[in-house]
Amino acid sequence: MASASQVQESSEKNAAPESLTGAARELSALKASTAGRATARRPNRRGQVMREKLVQAAAECFREYGYSKTRISDIVHRAGTAQGNFYRHFTSLDEIFVAALEPALRELAAASYRRLPVSDERDALIAVNVTFFQAYSRNRHLLRVMREAAAVSGNDGFSRLWLRTRADFVDRTEGWLKHLHEQGRIGLTNFRLFAEALGCMTEQMAYVHIGLPAATPRPERIRQLGEIVGEVWYRSLPPVS
């Protein structure tokens with residue numbers, strides 16, 4: 001079994017810089033595909049403040065109404081401005097949704113890469129999962145809406161982004177498992193499928209128990225979820241034969 005320091009070392013070793021992850025590349029491609037020719041984008045401070053105000057209003061509207069039911073009129077009303085200001089900075093709902101979604105994806109990726117100072121391998125896996133669920137909880141509405149966009153949007157860039165976000169998580173887990181096997185800490189298995197199974201469990205627990213409920217789960221519930229999933233990860237590692 002790997003020590004906590006080896007878990008962290010292998011996680012860091014197999015974690016590419018965020019700017020190089022597949023999800024980051026898909027996000028950049030989606031931003032490029034949704035960015036049209038907005039009129040007279042303003043690089044000055046006043047324009048930047050208005051853009052941030054629109055993105056914040058859009059995030060609130062998408063959280064409240066979902067991807068399919070949010071309208072540009074909802075966003076400008078929430079921002080207290082006119083539609084003309086919207087079109088100075090964005091050309092479509094998809095473009096502003098990507099802008100609203102980007103910070104959530106960055107925080108989720110950062111939570112997956114984070115080093116945690118714990119001295120026990122079981123505690124390390126629990127801590128990693130608790131941290132992931134906490135980040136998911138802070139961004140639960142937009143992450144849920146991303147899944148909706150992946151399912152219903154005519155822009156298939158959203159489905160590619162969602163799948164690539166999942167794949168990055170599986171890639172990191174697969175690399176970690178292979179590293180443990182090379183160190184003689186776990187037995188041989190189909191590392192890709194095993195990583196996929198662990199990833200599916202974590203993602204589904206996050207979506208069902210954090211993303212879907214009407215109210216944000218309490219911190220103790222988030223910790224409980226992380227403890228259970230971390231324990232399952234720990235107990236599932238294939239023993240050395």
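1. Let me start with Glu-174, which is buried at 15% relative accessibility (buried means under 20% relative accessible area, exposed over 50%, and partly exposed in between, with a 1.4 Å probe and protein chains only). Its side chain meets that of Lys-178 in a salt bridge, 3.3 Å from N to O; the term stands for a side-chain nitrogen of Lys or Arg within 4 Å of a carboxyl oxygen of Asp or Glu. Lys-178 is partly exposed, with a relative accessible area of 37%. Both residues belong to helix H9 and sit four residues apart, about one turn of the helix. Through shared partners, salt bridges join Arg-164, Asp-168, Asp-171, Glu-174, Lys-178 and Arg-192 into one network.

2. A word on the basis of these values. This is a predicted model, in which local features need pLDDT of at least 70 and side-chain atom pairs count only at pLDDT 80 or more, while totals for chains, interfaces and linings use all residues. Residues are numbered from 1 along each chain as its sequence is written, and side-chain values use heavy atoms, with hydrogens and water left out.

3. On the overall fold, the protein has 11 helices and zero strands (helices are DSSP runs of H or I with at least four residues, strands are E runs with at least two, and numbering goes from the N terminus). Buried residues make up 48% of the 241 residues. Contacts, meaning heavy atoms within 4.5 Å, are worth a look too: among those with a separation of 6 or more, 76% link residues 24 or more positions apart.

4. Back to charged pairs, of which the structure holds 19 as salt bridges. One of them pairs Arg-166 with Glu-196, the closest N and O atoms being 2.9 Å apart. Arg-166 lies in helix H9 (residues 157-182) and Glu-196 in helix H10 (residues 191-211), so this pair ties together parts that are 30 residues apart in sequence. Arg-166 counts as buried at 19% relative accessibility, whereas Glu-196 is partly exposed at 25%. Another salt bridge joins the side chains of Asp-74 and Arg-71, at 3.0 Å from N to O; Asp-74 is buried, with a relative accessible area of 13%.

5. Which residues touch the most other members of the largest nonpolar core? They are Leu-54, Ile-96 and Phe-97, in a core of 56 residues. Such a core is a set of buried Ala, Val, Leu, Ile, Met, Phe, Trp, Tyr and Cys residues joined through side-chain atoms within 4.5 Å. Helix H6 (residues 93-113) gives the largest share of this core, nine residues. Not counting residues up to four places away in sequence, Ile-96 touches Leu-54, Val-55, Ala-58, Phe-62, Ile-75, Phe-86 and Phe-90.

6. Please also look at helix H3 (residues 45-65) against helix H8 (residues 140-152), which pack at an angle of about 65° with their axes 9 Å apart. Axes here are lines fitted to C-alpha atoms, for helices over the stretch in contact, and angles run from 0 to 180 degrees between N-to-C directions. H3 is roughly perpendicular to H8, a label for angles of 65 to 115 degrees.

7. Finally, Gln-204 has its place in helix H10 and is partly exposed at 40% relative accessibility. Leaving aside neighbours within four places in sequence, Gln-204 is in contact with Arg-147 and His-209.

Methods: Angles under 35 degrees count as roughly parallel, over 145 as roughly antiparallel, 65 to 115 as roughly perpendicular and the rest as oblique.
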